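Trainee: I am new to this structure and would be grateful for a close look at one part of it. Please take me through that part and then through what else deserves attention.

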Amino acid sequence: MAARARYYDGKVALAREVTLRPASHELIILDAASSSVVARWPANELEVLGDTEHEKAPPVVRRGDDSRLVIEDGELRRQLASAMPPLAALGKPRPSAAPRIALFGATLALAVGLFWLTVEIGSGYVAPFVPYDLQRKLGESVAGDLIGQQPLCQGRAGLAAINGLANRMAKVAEFPHPVSVRIVKGGPINAFTLPGGILVFYSDLIDRARDGNEVAGVLAHEMGHVTHSHAIKGLVRQYGVDQLLRAMTGGFSDLGTVGQGGSLLLALRNGRAFERDADATAVELLDKLGLRADGVARFFERLMEDHPTDMAGLIGIWSSHPPTAERIAATRRPPTGKPAFSDAEWTALRQVCAGTPTPRQTPTPRPRKPD
Ligand SMILES: [Zn+2]
């Protein structure tokens, strides 16, 4: 049986199973069941979207058209790449971590190289072995530190909507644990991920979003951090396994010292590589669920206009740097697919903080700025 791909026509949300026939001047898209021609895309109008270096199945589009093709099959992608020059990017193998580390170590000063080697291998290797219930306890403790006295929103339907979507994403990502999304009333416009699948959203972010797809985009990005265990890797990198294990086994009061001096915030800042991986996973997850994936880039674009400068702004979606033009380009998608939230869910989510008291003027004893 010929390898198949998914075709979205840009009008209805449903994906269609298709087979592809590359020719010198066009790509012929055929219905997988009936073999009837679905579309013919001229070769000179073909484009591969997204981050071809890091994303498994970057979509293929016809320029100026809302339809798109998603080709999960590696062999088919390779065939297309060699048969049609505009699709050459599909043939690029995703670099694995090992050669990148080797290259890094070989080309940089030895000391720097060794330091990063330890971090990369150390955190990548150790993190999955930190038992999940310990990660969860650690996450809860950190959440307490970071959220402080700011009230959590209690709207049941809104929380169900965002938690439902987050756990559907976890499922398609084959992430084996439940995740929990909390919404803090107020600002900044931010969201971040803690160990143990704990996601924190500020209601100002939801207020600022133009529609549910933008919130879903940010959620998908944070789920990228969850599925790659970025938060626990960051903590392991910052404190080392020994100190973390001591904190975990010796009672969580020890983590109070971990939180002092803003080092906790530093540990939770995601570097460029983590952000890129989370971005790529975000669009992949939305796509797997058949949801609109244009919210990621759209929200990033608007966030570039203004960004927070306070401590909470140092982590989460802002992290070590604001969304760049490069990240926006890598996550840009056509506005096709199902909306992430139904109208009722989106209404509930926007009202999730109704009835929650507004935080006082100086609600959060945040850790002081790192020196
Ligand atoms: Zn991020």
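Mentor: His 221 and His 225 both belong to helix 7 (residues 212–227), where they are four residues apart, about one turn of the helix. Helices (H or I, at least four residues) and strands (E, at least two) are DSSP runs, numbered from the N terminus. The model is a predicted one, in which local features need pLDDT of at least 70 and side-chain atom pairs count only at pLDDT 80 or more, whereas totals for chains, interfaces and linings use all residues. Residues are numbered from 1 along each chain as its sequence is written, and side-chain values use heavy atoms, with hydrogens and water left out.

Both histidines, His 221 and His 225, are buried, that is, under 20% relative accessible area with a 1.4 Å probe and protein chains only. Helix 7 as a whole is mostly covered, with 15 of its 16 residues buried. From its first C-alpha to its last, helix 7 reaches 22 Å, close to the 22 Å expected at 1.5 Å a residue; the expected span is 1.5 Å times one less than the number of residues. At the N-terminal end, Asp 211 caps helix 7 through a side-chain oxygen that lies 3.0 Å from the backbone nitrogen of Asn 213. Just after helix 7, Ser 229 has a positive phi of about 55°.

The two histidines also take part in a metal site. The zinc ion is coordinated by His 221 (NE2), His 225 (NE2), Glu 275 (OE) and Glu 275 (OE), at 2.0 to 2.8 Å. Donors here are N, O and S atoms within 2.8 Å of the metal (3.2 Å for Na, K and Ca), and sites may look incomplete because water is not among the atoms. Along the chain, the donors of the zinc ion follow the spacing H-x3-H-x49-E.

Definitions and conventions. Buried < 20%, exposed > 50% of the residue type's maximum accessible area, 1.4 Å probe, protein only. Polar contact = N/O pair within 3.5 Å; in protein donor to acceptor, adjacent residues only side chain to side chain.
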